[in-house]
Amino acid sequence: MQTSVRSLDLAAARDPAFQADVERESGQTLASCYQCGNCTAGCVYTPDYDFPVHQVMRLVQLGLREQALSCRSIWLCATCQACTTRCPNNIDVAKVMDVLRHMARRAGHAPEANVKTFADSFLSSVAKHGRVFEAGLAAVFAIKSGKPMQDAGLGLPMLTRGKLAFLPHEPEGNGKAEVAAIFARFGRFAADKSRAEAGDSAKPSDTTEDSK
Ligand code: SF4
Ligand code: SF4
């Protein structure tokens, strides 16, 4: 990945709107990043990243949309916020990484397929039950990731010792419906964003009803 960026025609690859898009969605000022590397020095995942986090910030500054959204780093980030606390320019770096992950999802990039599969399975469980059903999540993830027996040796003892519930424990009262409404509202927001990024000026979905 890094080799391919070094050999890039920067002028041709640059999307001048990318930095502004990330700044608008994250509320952060990426232009103030002066590449000190403090964020990378505090990030425990640096050895596993294809681009250390300060270089991800640089990709955004350079307008290299495809390279930033297709990198592995944004999917491996644990949102621990060590980078955010270390930034001398008060950039919420972890939030930028989160925004890049959302943008990557909308653009169809998922270089770490199992991370996306886990995130999708987790969100689907919360949307369905109002809170995560851990045993169900483990089973769905095992099947979707193509390794159905991977955690069986761990899951069965946890179930029998009561560390995992056999059945979902859904919120009482209106909680489940309220969570479902949040997911519905976000689904319309994401669809509008995807259309806008694809250059479709169709009327945006009405997200006001559920937000009352
Ligand atoms: S939030 Fe992500 S990028 Fe920042 S230090 Fe933690 S793992 Fe690294
Ligand atoms: S710590 Fe802040 S200023 Fe330094 S490289 Fe990271 S984002 Fe940029």
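Against which helices do the buried residues of α9 pack? In this predicted model, where local features need pLDDT of at least 70, side-chain atom pairs count only at pLDDT 80 or more and totals for chains, interfaces and linings use all residues, the buried residues of α9 pack against α3 (18-26), α4 (38-42), α5 (53-61), α6 (65-69), α7 (73-76) and α8 (82-86). Residues are numbered from 1 along each chain as its sequence is written, while chains are lettered from A and ligands numbered from 1 in the order in which they are written.

The protein chain contains 14 helices and zero strands, where helices (H or I, at least four residues) and strands (E, at least two) are DSSP runs numbered from the N terminus. Its C-alpha trace spans about 55 × 45 × 30 Å along the principal axes. Of its 212 residues, 21% count as buried, a residue being buried if 20 or more other C-beta atoms lie within 10 Å of its own, exposed if 12 or fewer, and partly exposed in between, with C-beta atoms placed from the backbone. Among the contacts in the chain with a separation of 6 or more, 62% are accounted for by residues 24 or more positions apart, two residues being in contact if their C-beta atoms, placed from the backbone, lie within 7 Å.

Helix α9 (residues 93-107) has 15 residues and reaches 21 Å from its first C-alpha to its last, close to the 21 Å expected at 1.5 Å a residue, the expected span being 1.5 Å times one less than the number of residues. Its buried residues are Val-93, Ala-94, Val-96, Met-97, Val-99, Leu-100, Arg-101 and Met-103. Just after α9, Gly-108 adopts a positive phi of about 85°.

Around ligand 2 there are 15 residues, of which Cys-33, Cys-36, Cys-39, His-54 and Cys-87 come nearest; a residue is near a molecule if its C-beta atom, placed from the backbone, lies within 6 Å of it. At least two residues of this shell are supplied by each of α4 and α5. Cys-36 lies in the loop between α3 and α4 and is partly exposed, because 13 other C-beta atoms lie within 10 Å. The C-alpha atoms of Cys-36 and Asn-89, which are 53 residues apart along the chain, are separated by 10.0 Å.
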